[in-house]
Structures are given as C-alpha cells and as structure tokens.
Amino acid sequence: MSLVGARERRVRTGGIELCVAELGDERQPTVVLVHGYPDSKEVWSEVAVRLADRFHVVLYDVRGHGRSTAPRPLRGGFTLEKLTDDFLAVIDAVSPGEPVHLVGHDWGSVQSWEFATVARTEGRIASFTSMSGPSLDHFGHWIKTRVRRPTPRRIGQLLGQGAKSWYVYMLHTPVLPELAWRGPLGKRWPGILQRLEKVPADGYPTASLPSDAAHGAWLYRDNVRSRLGRPREDAYAHAPVQLITPLGDAFLSERLYDELEKWAPNAVRRTLPAKHWIPRTRPDQLAAWIAEFVTANEGRENGVPANGPVATGRYAERFGGQLVLVTGAGSGIGRATAFAFAEAGARVVAVDRDAEAAARTAEMSRLIGAPDAWAETADVSDEQAMEKLAGRVAAEYGVVDVLVNNAGIGLSGSFLDTTAEDWRKVLDVNLWGVIHGCRLFGKQMAERGQGGHIVNIASAAAYMPSKALPAYSTSKAAVLMLSECLRAELAGRDIGVSAICPGIVNTNITSTARFAGVDAAEEQRRQKRSARLYGLRNYPPEKVAEAILRAVVRDEAVVPVTPEARGARLLHRFAPGALRAIARAEPPL
Ligand code: NAD
C-alpha cells in the first residue's frame, strides 16, 4: 500500500507545507497525480508503482490532508485559487522546465479542471486525465442549461445527479461532518469502502483519514456553492483532455459530461464498468490509459490537441487499450470479433490451431486499429497447450480483460450414426476448449481482482433439439449452462460472463463440419450443400461480432443473435412443445 521507494520532499507555499513524493526517473516525462476526498496521496499508490518504470511520477498531499499542513483558519483556506497556487509550487519544484501530465481523481480532478482551464497555468500542463470529478464551472453551466430550458429528460438528469449529491449537502452543514469523521464514520469508513466499493483491504485508507475528511469538508464549503452559482464563462481546457468515467459511480452521473466537447473539444473518452474508487480497484487499466495518453501527448506543442490514441470504433471508449483474447480467431466469427475489438482500439491476442490464419488475423487487426496484436497457435482441446498459452499470455501481454472462447467445430448426423470418437472430438473442442479457457484465463482474471469479461460462443442449437445435430447441440447446451453457472460464481468479482447463441451464420464452418454415418464423397456433397444454404441465408459474422461487443458492454447473460435464434429462444421458453415438434422434422441435409 505504501509508496515504497518514494523520495519525499516538502514544498512551501503561502504558509503551507506540502508533502510531495516522487518515484521513477526524473528525466522521464512528469506525471502528477492529485488525490480526492476523503483521501491522501496514497490512494494513487497502486497506479503510481505501475507508472514509475516509464515516468517521473509525482504525488502530493493536498493542503490539510495526509502529511501536508492545514491552513489557519480553515475557512477560506481551500479555495480553487489557493489549490492552484499549491499545484504551481509543486510543479515549480519537481519540473521547472517542462510541462507536466496531470491526473486527478474525485476532488483531485475537480481542482485539476481549474488548473487546466485558468490562464496562469497555460504552458505548464501537457495533458490532463480526469476521472470522477467534473469542473465546477462546467457543472454550473450544466445545471443552468437544465434549469433554464427544462425538458422532461433534463429534469430527470438534474434529479438524478441531485440524488447522487446527498453527501455534498451534508458536508455543507457545520461541525457535524467533522464530528462524524473524527468519530464513528472515520472508524467504519474502511469497512464501508470494502463492502460497497469493493476496495481491497490492503491498508488503505491511511491513518490520517479522520483529519483528511474533516479538513477536506472545506473543499466543498469554500467552492461548491460559489462556483456552481457563478461558473466561469471561459473555463476552456488549454491542454488535451482524457476523461475516464466509471459507469457504476454512486456519486456522479455520466450525463454530467454530455456537453464536455464545448470545453475540451478533442477529449478522449474512456468508460469502465466499475465504481467510484478506480485508483484502488482498477490500477492496471488506469495505468495503461494514463501511459498511453501521456505518450501520445509527450513532446507536442502545448495547446495543440492530441491526435491521440484515438480508435474510431463504436465501442472505443470502452475497449481502447484493453487486452482481448479470441480463440478460433483465424476464421469466421472469431476473426470478425478480433477485428471488431481491434477497431475499438483493443490489444488483440488471436489464437487458432491454424498458425497462418491466426497470424493473418493479428496482422490485419493491427492495420484496422489495434495498438498491438499478436498471434498464438494452440489447440483449445489440448489441456497442456492451453496451460502453456495462459502462462505465455500472462507473462508477455498481461491478464486478459476480455476472453472470447469461440473456437468450435461442427458435427452433423443422427445419434445412432455418431461414433464415440465423433463425440469425443466435438466435446473436446466445443466443450473442453471452453472449460480450459474459462478455467485458466478466468482464474487469472479473478486473481488479479480488477474485473473482466468472459464470452462463450454457444449456439441456438443449445436450446433447439434436432435429429440432425445431437452431439453438436449437446456440446453447445453444456457451454450455455457452464456460462450461466460461471456468471453466478464470478458476479461477486466483477467478472461478467455472456453466452452467445448466433443462429445460422455464413462462415467456413460448413465446409469443415463432419457428417457422421456417411462416406467421404457423401460428406463432401453435404458440406457443399450446407455451405450453399448458409450462403443463401447470408448472415455475416460481423453482425455476431457486433453482438459480442454489445454483450460485454451491457453485461448480457444470454444473447441469441439472428432472428431465427431469437425466435427459437422464445419458442423454447414459451412453447417448447412446438420446438419439439419441429425437431422431429427430417433435416434438410
Ligand atoms: P469457422 O470454421 O469459420 O472458424 C472456426 C475457427 O476455429 C477456425 O479458424 C478454426 O481453425 C478454429 N478452430 C477449430 N478448432 C480449433 C481448436 N481445437 N483449437 C483452436 N482453434 C480451432 O467457424 P465459425 O462459424 O466462425 O464458428 C465459430 C464458433 O461459432 C464456433 O464455436 C461455432 O460452433 C459457433 N457457431 C457458429 C455458427 C455458424 O452458423 N457459423 C452458429 C452458431 C455457433
């Protein structure tokens, strides 16, 4: 938890002594991390250590917090103007010659918006990453727009944010917050953070919490009412901005940033399925996004908007920079899925038993927009190969954020014609492949403790009985149930699990599918025939890929994709007898 190896110094400014900690090489770009309420600089410890190998990382206790001294009197000592004085004093000390990259969380972000929009810091900030803390000026205008031109939607937004701001009203009452923080609330706060925010119990928050929280109440009292009532008209960002929004933030509505482009025209947006305290719960993702943004903006003329690490795909906000592994990525749905994630700016690991096909997918993923893409050869049914793959991926690329267990094979033919060997093959790939993937990569995700998502490609055959596909359908029904069970188990760890049931999709699967109980010539004839039928249906794998990304964003449990898959799902639920009658019909092949 502590800032191991940090160099500390004290910076004096306006009668205050600020405690400043530095990590990493001073010749590297300087990244300044500003903490929020009720925190001290240690809230950044996990992010700081992840950045320290590439950057000069600077953290400081905001006045009145941690080991910085507090103004006397407290009232009027925490205005944004004074906080800006402190920031300038810190960067004068740690990076006098070069602009710094600013990162703020919660109140650290609120005050950083001031730093990034006032004239006297112009030229001193190379980039600004904001999370969970809006500009009070932008917020003030946001409220005014909604009060002056109310529509039902805008009133809803006002009420929504109003309800989330209950604690702000509380903090404006005199004395009581101080008493609470120095008494029972201060004692119970670590437990509350663990329970409600899922912040790991690793010694954070620090012992200074009660006085941090009592002093920090003045951040609100000195600024909120006055700024919201009279927001500045010229609060335009003079540095490139990256906005990271946790979607489960209990204190801030996403809607607050609807008009951000007016103030920061080229802002790069990122979203995270997480709660408010992301510096504690998602340090890997934050460090990756900060590093990417800092690198993209390093050495640019200040004030010139970054071309940035901007991917254009529809889901770029959510998947940019994430590590996504897709099995069976050499063809069909797997390849289209790898491309869709690449388009959203994800780093892609394309796995297939066909090495050449995987390499082509990785190469094209890079061309499409993946900042990095790698090919890995593995047979998903081979337990040892999968164990080696999981080890290699973790060591070389990191813990995957999204796993797509897609590799699968087709097998057609009646039950009585299906041999034990046929069964083994289809279950080994379609079921065991998914089990290995979930077991090995799911374990890494769970151990990292920073969330993630697993997508398993089942099939509409999972809930549609038929005479034609008994083995294939059984394998897919098992995948569906495995996904549902795993979803229940991993929910508490912020790992979502989705089962995708595509329907009839025009891919190569028809020409490689086995047909049990017929000779080679007949098998070939049937493969051709089914390829023709699938071609006529002509549902593109890209649409399945789109459904997969959407399922992750929305954390959907079971997703039937094509209209026939959706129709069959309805019959399965509401008229299973009809589905059984259809199952008795002679297969078309
Ligand atoms: P496809 O044949 O076009 O692609 C499958 C890919 O998986 C190929 O690149 C293949 O080399 C790879 N693969 C096969 N076995 C593997 C193994 N043991 N290890 C590693 N890689 C392996 O097929 P597709 O249609 O894209 O199918 C993808 C998934 O979607 C499968 O699970 C399939 O069952 C499922 N699905 C497909 C349809 C459809 O109509 N195409 C419908 C429902 C479900």
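Colleague: At roughly what angle do the axes of helix α14 and helix α15 cross?

Modeller: First, the basis: this is a predicted model, in which local features need pLDDT of at least 70 and side-chain atom pairs count only at pLDDT 80 or more, while totals for chains, interfaces and linings use all residues. Residues are numbered from 1 along each chain as its sequence is written, and side-chain values use heavy atoms, with hydrogens and water left out. Helices are DSSP runs (H or I, at least four residues) and strands likewise (E, at least two), numbered from the N terminus. Axes are lines fitted to C-alpha atoms, for helices over the stretch in contact, and angles run from 0 to 180 degrees between N-to-C directions. Here α14 (residues 332-343) and α15 (residues 355-368) cross at roughly 25°, their axes coming within 8 Å. The two are therefore roughly parallel; the classes are under 35 degrees for roughly parallel, over 145 for roughly antiparallel, 65 to 115 for roughly perpendicular, and oblique for the rest.

Colleague: Which residues of α14 and α15 make the contact?

Modeller: Contact means heavy atoms within 4.5 Å. From α14 come Arg335, Ala338, Phe339, Ala342 and Glu343, and from α15 come Ala357, Arg360, Thr361, Met364, Ser365 and Ile368. These divide into 6 nonpolar, 2 polar and 3 charged residues.

Colleague: How does α14 pack with α21?

Modeller: Helix α21 (residues 541-554) packs with α14 at an angle of about 55°, with the axes 8 Å apart, so α14 is oblique to α21. Gly332, Ile333, Ala336, Thr337, Ala340 and Phe341 of α14 meet Pro541, Glu542, Val544, Ala545, Ile548 and Leu549 of α21. This contact comprises 9 nonpolar, 2 polar and 1 charged residues.

Colleague: Which residues come nearest to the ligand?

Modeller: A residue is near a molecule if one of its heavy atoms lies within 4 Å of it. There are 28 residues around the ligand, and Ser331, Asp352, Asn406, Tyr472 and Thr507 come nearest. A polar contact is a pair of N or O atoms within 3.5 Å. An oxygen atom of the ligand is 2.6 Å from a side-chain N or O atom of Ser331, and a ligand oxygen atom is 2.6 Å from such an atom of Tyr472. For Asn508, a polar backbone atom is 3.3 Å from an oxygen atom of the ligand.

How values were computed. Ala, Val, Leu, Ile, Met, Phe, Trp, Tyr, Cys and Pro count as nonpolar, Asp, Glu, Lys and Arg as charged, and the others, Gly among them, as polar. A polar contact is a pair of N or O atoms within 3.5 Å; within protein, one must be able to donate a hydrogen and the other to accept it, and residues adjacent in sequence count only if both atoms are side-chain atoms.
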